[in-house]
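Subject: Structure for your review

Dear colleague,

Please find below the structure that I would like to hand over to you. My notes on it follow directly after.

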Amino acid sequence: MTPNNKTYNAGNSVYRLKELTLGVMHQAVPLFRKYRELHFELTGGIDTSELESMQRQVNELELALEQLNSGDSPDAIQIARLSTKLEETKAALNTDPILKNVQKYYSDMEALAMYSLITDKELLGSVLPGILETTEGNSMTANETAAILESAEGLNFVKDAVTDFFSLTLGIMKK
């Protein structure tokens, strides 16, 4: 399975993600493990129960409205009530300063976990050659990897390639 058509430039070389075989996808295991460890470490103590409850209410109200609207004879009064309740719940979710702060803090910690992952030169040095190849189909060498990780453009290169790899492999795992 070909992952995507995106390319990643580093110096004079252009790379792409390798075809997503079992071996290449296995390269995701150390990345996912490290990310999950960092994610848990940084977000494990954040109480998101009220935020999750509100988000669940929004989802349930949206589903109920969808079901009512798709019925044979929609009940306009019930639809109006649910629509009002949905808008009130969304407004509460979006305006409650405590919930907004929890959501922002949680999001910031997720971003910090990813930043920590994409700046881990030791981990990336072992993973990048397993997931990237030149556009000509040659595997990335250890020297090329080291040069990228030491270069000023390395952070953006790694951020883009690893984020795309994460998205593609997680998408396949969720199917």
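Helix α4 of this predicted model covers residues 76-95, 20 residues in total. From its first C-alpha to its last it reaches 28 Å, close to the 28 Å expected at 1.5 Å a residue. Its N-terminal end is capped by aspartate 75, which has a side-chain oxygen 3.1 Å from the backbone nitrogen of isoleucine 77.

Which residues of α4 are buried? They are Ile79, Leu82, Leu86, Thr89 and Leu93. These residues lie on the same side of α4, because the arc they cover around the axis is only 95°. Ala76, Ile77, Arg81 and Thr95, on the other side of the helix, are exposed. Among the elements that cover the buried residues of α4 are α3 (49-69) and α5 (97-118).

These two helices also pack against each other. The axes of α3 and α5 are 9 Å apart, and the angle between them is about 100°. Since angles of 65 to 115 degrees count as roughly perpendicular, α3 and α5 are therefore described in that way. At this packing, Glu50, Leu51, Met54 and Gln55 of α3 meet Leu99, Val102 and Gln103 of α5.

Helix α5 itself has 22 residues and reaches 31 Å from its first C-alpha to its last, where 32 Å would be expected at 1.5 Å a residue. At the start of α5, the backbone nitrogen of isoleucine 98 has a side-chain oxygen of aspartate 96 within 2.8 Å. The buried residues of α5 are Leu99, Val102, Met109, Ala113, Met114, Leu117 and Ile118.

Glutamate 37 and alanine 113 are 76 residues apart in sequence, yet their C-alpha atoms are 8.7 Å apart in space. Glutamate 37 belongs to helix α2 (residues 28-43). Its relative accessibility is 47%, so glutamate 37 counts as partly exposed.

A last point concerns helix α7 (residues 142-150), in which threonine 145 is found. Is threonine 145 buried or exposed? With 1% relative accessibility, threonine 145 counts as buried. Leaving aside residues up to four places away in sequence, threonine 145 touches Leu124, Gly125, Leu128, Pro129 and Met140.

With kind regards

Methods: Residues are numbered from 1 along each chain as its sequence is written. This is a predicted model: local features need pLDDT of at least 70, side-chain atom pairs count only at pLDDT 80 or more; totals for chains, interfaces and linings use all residues. Side-chain values use heavy atoms; hydrogens and water are left out. Helices (H or I, at least four residues) and strands (E, at least two) are DSSP runs, numbered from the N terminus. The expected span of a helix is 1.5 Å times one less than its number of residues. Buried means under 20% relative accessible area, exposed over 50%, partly exposed in between (1.4 Å probe, protein chains only). The arc is that of the directions from the helix axis to the C-beta atoms. Contact means heavy atoms within 4.5 Å. A polar contact is a pair of N or O atoms within 3.5 Å; within protein, one must be able to donate a hydrogen and the other to accept it, and residues adjacent in sequence count only if both atoms are side-chain atoms. Axes are lines fitted to C-alpha atoms, for helices over the stretch in contact, and angles run from 0 to 180 degrees between N-to-C directions. Angles under 35 degrees count as roughly parallel, over 145 as roughly antiparallel, 65 to 115 as roughly perpendicular and the rest as oblique.
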